[in-house]
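Welcome, and thanks for taking a look at this one with us. Please keep the sequence and the 3D view open as you read on.

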Amino acid sequence: MKRYLTSFILCLTAILSFGQSISDRTLYVYRNDGAFNAFYYSEIDSMLCSVIDTVGVEHENYVVQEIYTVDSLYRIPLTAIDSISFITPKIEYRSNVKAINDSWINYVVSVDELTLILSKDIPSGLIPNIGQVLVAETKMSPFENGFAGRVSGIDLSGDNIVINCDKVTLKDIYKKLVCKGRSKSATNVSQARARRTENRTDMNTVYFDIPHNLSLNLGPMSLNVSPTITLDYIICINDNQTYIDNRISHYYDCSAQLDCELTGEKEVIDLPLSFPIPTKVLGLNAEINVGTFFGYSGGITISMKKPFTITGTTGYIAHNDHAADIDEWHFESIDTEFSANLNGFVRFGLAVQAKLSFITDRLASIDVTGCFGPEVTANLSLSSNGLLDGSLYSALKESVVTLNAYGSVKPGWRFAGFEHQVFNNNPSFHFELNHWYILPEFNNLSWTPTQGTNTGKLNGGISRDLFWPGVQLGWSLFDQNDQLYASQYYPETYRLMSEWPYEGLEIDLHDLPYGSKYIAYPMIKIWGYEMRALPSTDVSIDPLINTGNASNIEETAAVVSGYVEGLEYSIVADAGICYSTSDAVSGSYISSGSRKDGDFSIPISGLASNTTYFYCAYANCDGNYYYGEVHSFKTKKKDDPDPNPDPNPKPDPDPEIEPNAITGGHYKETTTTATIECTYENVPSDADCGYFLDEESNSTTAGISMNHLLGNVEGKQVIPLSGLKPGKIYYYQAYIKHDGKSYLGSEQSFKTKELNPIATTGEYSDVTDKSAIVECSFENVPEGGKCYVFLQWTENGEYKMITYGANEGKNLKISCSGLKPATTYYYTAAISYNGKEYVGEEKSFTTDFPDLSGTWTFNQDYYVDKTISANLVYKSSGDGCVIYKASRFYGVNSMECTFSADRTIYIYCYGPNGYTGSFSGKINDDFTSASGDSYYYGTPSWANPGWTVEKPWSFSR
């Protein structure tokens, strides 16, 4: 049967390759492994049969059917294919199904989930029988939500006919139902129809309209959402199986925007000193008033736009009695676009006013006021363009503070109660005295390594005078993962360029790891806050390469050695030997086959006798080659007697028969190792055997692959490989080199196993009221994977979460700060890679209560003294609360305060003669204040016990 099916598929492949116009038909692949595939012909690019199975193993015969669509490849094992249908089967109900159509509408009184109530005048032919399955084909009222059920009872005793039904499955309704479809939201139907002629994937899509742009405005904030909804369904129901794949794809293109502007200004003139000026006119008064003035004006403008997208797929896949949910979501945040501008001034100084009035100021007066003093202006600009490199420095470095000499004249007059200024704009002047920058500027950054060592010098220029003193400058080194490696600051502080005691920024670095690569940044520390500055410069240390001695020197062979240190910092790295009869670097290269640091030795064969060879060790680090010192050795003469001759020397093969290199199989693949086989036949005694190994197909024959020399060997060679990358395909090829010719075997390939990332959540330690340390391990992290710890808690009934980034490693201690006291936190280690999350066990810790001892103030409206002090001293703790006491509290003997983790407080007062009182309320998150609405008197001497006073109170530190 399978043989005929294979022939049938090959014929189908040939038909499709001629581009037959069958876009209105559908291809169904019925399978016996629990799956079902359906394709529109219009979305199929091609169909091929392959001898490589789904796990990459090659076979002699075809084993897989490959179906290429516009954006995907489907590989289906031939053994899993039962049959293929080219034409959509008709929908067939089962024989006991009775369809509810439009003719029922006038006789339906009401519809419940599994109950139909019909009027008595319904034709008898429409009344179902017990055991029949009712299915609504109409969408008219009251069947908008559909109806399906198996009739379990019919009640004719009342005014209406009541039909009770039981639940049914799709297989109870359909004998055969096979369909595939897609519905998708569009801006409008006409656009969707136009696109169908341009995109083959849209040819079989049904479009529907939803609002394309949804907007919400809340004051200065707005939110815009553009949704796209796609519904895909594949249904296959027959006597052999039930397969349903229904899913809804959501895509939301969102943008949140904030635009606001705040401004303010004020000027105050105070003239407390007055000096009268005598006049000869009765009622005419003149005076000089002297004082101070103060004024400010400022404004801040903020504009922020945050685009983001939300993509998700929900649905389910059901096969016979099994079902699985589909629930995949992805959130992608796009760089925030924002800008903030702060502009303003502050001015102050001496104010002088000359005034002349007649009888009173209000009746008639004239004056002129002059203001003179310094003015400080500032212009700070912050924008997302300056933050694209992640640096606050680039956004703020052009901000300037300016000192001006300021003066203004304000003349005015008043007559009969009316006041008027002579000039609409008071004349004023500004003379710049000096200006300062907020941040320094760096330039001409450079790194000069000391050749052959792991030391070097960083240099850079610095300019600008700063507004504030006490700024520290220095350098920092960040590794390729943007993690801080080291930093160093100058002991002197910087403000004025003329007072800086150094030639710019200059620092010597020592003992850097060989082969390491860093990025150096200037650093600024202001009031304890560190800021990474720009520009940056690359810092690298060459790997350490030492060329060793040559040994076992023969007529045509020798063994040479070397030492390498610093390969671990490169993605692609290996070490080996290069040699030649003239220039070693331009000669032949032989890899050691390992990327580990340390000593290595390599045999060289196929040499000429009585010849001097020059050689040196090399290291390849990401395509950059580094070399050790060049050494030399000389091979023996042919007539030199062999001190240990072989009693049974191997004869050379027949020269008429060419050497034969055979590339064998592979096995024992792990994430970083594998074993391959190569066979060498008819090998001349002066030939070299080996193999090529590379991650790219065909590169072995192109001559750019790494050459691994085995020497003069014969027969099957079992070759263990190490230092490989997880989840990669490697291509290898056997070769024999003799007399300038290369004899190559076929190219074969294998794939290393994928890493299984493991995130382990460890224990916690060093818990305080605001911080804790959690221990986690991250192992087998693939390249591009991200490690992190996420912390979850609830606050005021609202779910909260933050994440802390981490690196690969075991027993890493991650510091969590900024926590809230007396709060339970749940933490989990996780690795994110290729859209999947590998999550460890969830664990928890509870932060401590803060130290609440000291003086607290009780405010209330009942006692004569509105404010009462209490000196709290720690008493005990347990069961999620802590108790403090005070020996005296407004005349009573003592009081106790119980603070609970759920932010409730109970205050108990104990007085003479059995007096008790209590207060209960809520505490704020930081345990700095509490409040309530009443206090309760347990046993007052002047009233019945249980008296409650309904008045608010507060308790604060």
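Arg532 is partly exposed, with a relative accessible area of 26%. This is a predicted model, so the values here are all computed from its coordinates. The side chain of Arg532 meets that of Asp482 in a salt bridge, at 3.0 Å from N to O. Because Arg532 sits in strand β32 (residues 529-532) and Asp482 in the loop between β28 and β29, the pair ties together parts that are 50 residues apart in sequence. Asp482 is partly exposed too, at 42% relative accessible area.

## Two further bridges

Lys725 and Glu695 meet through their side chains at 3.7 Å, N to O. This pair links distant parts of the chain, 30 residues apart: Lys725 is in the loop between β46 (715-721) and β47 (729-738), and Glu695 is in the loop between β44 (688-694) and α5 (699-702). Lys725 is buried, with a relative accessible area of 18%, whereas Glu695 counts as partly exposed at 33%.

Glu775 forms a salt bridge with Lys813, their closest N and O atoms lying 3.0 Å apart. Glu775 belongs to strand β51 (residues 772-779) and Lys813 to strand β54 (residues 809-816), so this bridge ties together parts 38 residues apart in sequence. At 24% relative accessibility Glu775 is partly exposed, while Lys813 is exposed at 58%.

## The largest pocket

How much space lies in the largest pocket? The answer is about 1800 Å³. Of its 45 lining residues, Val781, Pro782, Glu783, Gly784 and Glu808 are the closest to the centre. Two or more lining residues come from each of β31, β52 (786-795), β53 (798-806) and β56 (836-839). By type, the lining divides into 14 nonpolar, 18 polar and 13 charged residues.

## A buried threonine

Thr402 is found in strand β23 (residues 400-415). Thr402 is buried, with a relative accessible area of 14%. Leaving aside residues up to four places away in sequence, Thr402 touches Glu375, Val376, Thr377, Glu432, Asn434 and His435.

Conventions. Residues numbered from 1 in each chain as written. Predicted model: local features only at pLDDT ≥ 70, side-chain atom pairs only at ≥ 80, totals over all residues. Heavy atoms only, no water. Helix = DSSP H or I, 4+ residues; strand = E, 2+ residues; numbered from the N terminus. Buried < 20%, exposed > 50% of the residue type's maximum accessible area, 1.4 Å probe, protein only. Contact = heavy atoms within 4.5 Å. 1 Å grid on protein atoms, 1.4 Å probe; cavity = no way out; pocket = protein on both sides within 12 Å on 5 of 7 lines; lining within 4 Å. Points joined across faces, edges and corners; volume = space filled by probe spheres on them. Nonpolar A, V, L, I, M, F, W, Y, C, P; charged D, E, K, R; others polar. Salt bridge = Lys/Arg side-chain N within 4 Å of Asp/Glu carboxyl O.
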